[in-house]
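Colleague: I am new to this one. Could you walk me through how to read it?

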Amino acid sequence: MTAGKLRILQVMRAPVGGLFRHVADLTRELSGHGHSVGLVVDSLANDAQTESRLTELAPHVALGIHRFDMPRVLGRGDLITPLAVRKLAKSLDINVLHGHGAKGGFYARLARLGGSKAVAVYTPHGGVLHFDKSSASGRVFHMLERWLMGQTGAIVFESAYAQATYGGLIGAPTCPSRVIHNGLAADEFVPVPANADAADFVFVGELRDLKGIHVLIEALAGVRRADGSPATLVIAGDGSSRDALVAQINQLGLEARVSLIGAQPARPSFARGRIAVVPSLAESLPYIVLEAAAAQLPVIATRVGGIPEIYGPTSSSLIAANDAVALQGAMQAALDAPEATRQEAVQRAAYIAERFSLARMAGDIEALYAELTAPA
């Protein structure tokens, strides 16, 4: 190994969403700094979108993309895959095993059992933090977290909220921990102007209950423009709740007001609406809020997870989660006072530009790797 250059294996289950975005950005940055990076991903999730994303990332993955079974719930792969990852890490002479999410963190740290020389870094990305400690699943995963602490070189939390939640559910880490916020590339801070035919609101994300999309549809029903005409919404996303969402739209008679355009890249989708809405019921540090705010879109969001850390001086405008009345009020206020809404968006963009850059995120993680792998 060249002095200062590391051989890193990023381990994750989720091939889409914010977790993948984080790993992909980090991989490109580390590769650009001369480190050799490999990926371990789930062989069970192999749709066209997954393969397209992995193909785009392949030029930055000198140590290859390796697929193993990673079941969403506990399964046979949870016994076999950690052994396969350990064997792979040994064959590739890995220095750092970085596990992302509940399953990625589980496999990366289990792979150290048996005396692996690699250090294990773990980023929860929500994951186990979304399990209630009173539930059976929560008790199992939180017990595993405590058991694996001895195999953990460091934990990276993407928000102060995640760090505090982890401490409350599992206990204060006995290994080093850092809060390192997600970051955006410089070109993501270029404003995205709305299309001439843009809807009033746009939602970009997975269609599942945790994202609060059903609350958004309920709230939209009562929102009106200044001229009294009904407000409109574009939804860019797909997921397990799509059928239920369509049924809700039809039940409320909103078919003419809501356009479902399927999963689309974020920035082109932002141009389809004038105000972004993120009605999540739970989050850690969501990229979609960062991306929309950086593009200088007004953003209506809930006070969950690390979103207040993104909002900074504008955090008083955040609303309660799972509250359709509050969400309707915020959406109506945004339409009623467009200049104040625009000024807040500009202020928020300036705030995150100083604190949430990709260069800063990757640099801080790279420095942590160097600290953990430095000769004693």
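**Reading the fold**

Modeller: Let us begin with contacts, meaning heavy atoms within 4.5 Å. Among those in the protein chain between residues at least 6 apart in sequence, 72% join residues at least 24 apart. Do keep in mind that this is a predicted model, where local features need pLDDT of at least 70 and side-chain atom pairs pLDDT 80 or more, while totals for chains, interfaces and linings use all residues. Residues are numbered from 1 along each chain as its sequence is written, and side-chain values use heavy atoms, without hydrogens and water.

Colleague: What radius of gyration does the protein chain have, and what would a compact globule have?

Modeller: The radius is taken over C-alpha atoms, and the globule rule is 2.2 Å times the number of residues to the power 0.38. For 376 residues that rule gives a value near 21 Å, and the protein chain agrees, because its own radius is 21 Å. Its C-alpha atoms fill a box of roughly 70 × 40 × 40 Å along the principal axes.

Colleague: How many of the residues count as buried?

Modeller: Buried means under 20% relative accessible area, with a 1.4 Å probe and protein chains only. Here 52% of the 376 residues qualify.

Colleague: Which residues of strand β3 lie on its covered face, and which on the uncovered one?

Modeller: In a regular strand, side chains alternate between the two faces of the sheet. Strands are DSSP runs of E, at least two residues long, numbered from the N terminus. In β3 (residues 65–68), H66 and F68 are on the covered face, while I65 and R67 are on the uncovered one.

Colleague: Where does β3 find a partner?

Modeller: Strands pair if DSSP finds at least two bridges between them. Strand β2 (residues 36–42) pairs with β3 in the parallel sense over four bridges, and V41 stands opposite R67.

Note on methods: Buried means under 20% relative accessible area, exposed over 50%, partly exposed in between (1.4 Å probe, protein chains only).
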